[in-house]
Amino acid sequence: MALIAMAADKGAPGVTTAATALAAVWPRPVLLAECDPAGGDIAYRLPAADGGVLNPGKGLLTLAATARRGLEQAQIHQHTQKIVGGLDVLAGLTHGEQAAGLTWLWGPLGRSLAAIPNADVIADCGRLGSHPQLDDLLAEAEKVVLLTRATLDHVAHLRERLSITKAHGVVVIADPRSYRSSIDDVRRIVGASVGFVHGLAHDPKGAELLRGQWGGRLDRSLLIRTARDLAGRLVSDP
């Protein structure tokens with residue numbers, strides 16, 4: 001189905017939280033894939049389906065070890081794990097040094113993720129720039145979505161990134177007190193260079209709830225409510 005890559009420039013503001021929230025409310029079958037070459041922490045921040053902890057040693061690194069002679073999409077689910085709520089996740093590298101020997105991986109990984117037949121894939125790609133080989137994965141994505149805050153320095157970095165990275169949309173991590181105006185400000189600056197500018201609430205309490213049992217309180221959080229709006233936009237946008 002579709003590979004949707006989420007990333008940011010300076011500071012990577014909330015990419016993992018945004019990708020997780022989006023996957024949690026996605027209206028179709030979905031896989032959350034941690035594809036940040038700098039290393040990730042999904043295995044440490046999200047509880048396993050049985051209430052225990054995820055295995056940080058199972059995921060992208062074990063997939064790469066079995067795929068030296070070729071990577072097929074059918075191999076991916078052998079290295080995924082389920083978290084509370086039933087979401088399938090492909091845990092990423094545990095630290096950036098592991099990426100040094102995996103420069104070959106990102107293009108084949110992107111092609112395989114994009115070819116999964118019965119699920120969309122939301123890829124958390126972290127911060128762009130430090131690992132140019134990640135461009136090979138981004139090239140396989142149906143949509144590349146860049147995250148930003150509405151501050152001057154973040155938007156300035158975003159404009160520079162948009163000049164060298166083909167992005168389909170921008171998501172503003174916006175303070176609920178100035179939610180609409182923050183999105184509108186970013187849209188005025190960069191809107192002409194991307195297909196859409198949308199928002200996601202900066203909601204630390206909702207982000208904390210996302211790390212535990214998904215339930216009514218989380219369902220009513222600003223994070224999840226705005227994630228549903230964003231999911232609907234991404235699914236319906238051609």
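Guide: On a 1 Å grid over the protein atoms alone, a cavity is a set of points where a 1.4 Å probe fits but cannot get out, and a pocket is an open set with protein on both sides within 12 Å along at least five of seven lines, while lining residues have an atom within 4 Å of a point. Grid points are joined across faces, edges and corners, and a volume is the space filled by probe spheres set on the points. This is a predicted model, in which local features need pLDDT of at least 70 and side-chain atom pairs count only at pLDDT 80 or more, whereas totals for chains, interfaces and linings use all residues. Residues are numbered from 1 along each chain as its sequence is written, and side-chain values use heavy atoms, with hydrogens and water left out.

Visitor: What volume does the largest cavity have?
Guide: The structure holds three cavities of 30 Å³ or more. The largest cavity has a volume of about 60 Å³.

Visitor: Which element gives the most to the lining of the largest cavity?
Guide: The lining consists of Ala8, Asp9, Lys10, Pro13, Leu146, Leu147, Thr148, His154, His157, Leu158 and Arg161. Two or more of these residues come from each of strand 6 (143-148) and helix 7 (152-162), where helices (H or I, at least four residues) and strands (E, at least two) are DSSP runs, numbered from the N terminus. With four residues, the element that gives the most is helix 7.

Visitor: How many residues in the lining of the largest cavity are charged?
Guide: Ala, Val, Leu, Ile, Met, Phe, Trp, Tyr, Cys and Pro count as nonpolar, Asp, Glu, Lys and Arg as charged, and the others, Gly among them, as polar. On that basis the lining of the largest cavity divides into five nonpolar and three polar residues, and the number of charged ones is three.

Visitor: Which element gives the largest share of the lining of the second largest cavity?
Guide: The second largest cavity holds about 40 Å³ of space, and its lining is made up of Thr16, Thr17, Thr20, Arg45, Leu46, Ala207, Leu210 and Arg211. Helix 1 (15-24) and helix 9 (204-210) are the elements that give two or more residues to this lining. The largest share, three residues, comes from helix 1.

Visitor: How many of the ten residues of helix 1 are buried?
Guide: Buried means under 20% relative accessible area, exposed over 50%, and partly exposed in between (1.4 Å probe, protein chains only). The buried residues of helix 1 include Val15, Ala18, Ala19 and Leu22. Helix 1 is mostly covered, and the number of its ten residues that are buried is nine.

Visitor: Which residues does Leu109 touch, beyond those up to four places away in sequence?
Guide: A nonpolar core is a set of buried Ala, Val, Leu, Ile, Met, Phe, Trp, Tyr and Cys residues joined through side-chain atoms within 4.5 Å. The largest one has 46 residues, and Leu109 is among those with the most contacts inside it. Counting a contact as heavy atoms within 4.5 Å, Leu109 touches Cys35, Leu60, Leu63, Leu71 and Leu137.

Visitor: Is Thr226 buried or exposed?
Guide: Thr226 is found in helix 11 (residues 222-236), and its contacts, not counting residues up to four places away in sequence, are Tyr179, Gly199, Leu200 and Ala201. At 10% relative accessibility, Thr226 counts as buried.

Visitor: At what distance does the side chain of Thr226 reach the backbone oxygen of Leu223?
Guide: A polar contact is a pair of N or O atoms within 3.5 Å; within protein, one must be able to donate a hydrogen and the other to accept it, and residues adjacent in sequence count only if both atoms are side-chain atoms. The side chain of Thr226 reaches the backbone oxygen of Leu223 at 3.1 Å.

Visitor: What is the relative accessible area of Ala91?
Guide: Ala91 lies in the loop between strand 4 (88-90) and helix 5. Leaving aside neighbours within four places in sequence, Ala91 is in contact with Glu34, Ala43, Lys58, Gly59, Leu60 and Gln81. Ala91 is buried, with a relative accessible area of 1%.

Visitor: What volume does the largest pocket have?
Guide: The residues that line the largest pocket include Asp135, Arg161, Lys166 and His168. By class, this lining has five nonpolar, two polar and three charged residues. The volume of the largest pocket is about 150 Å³.
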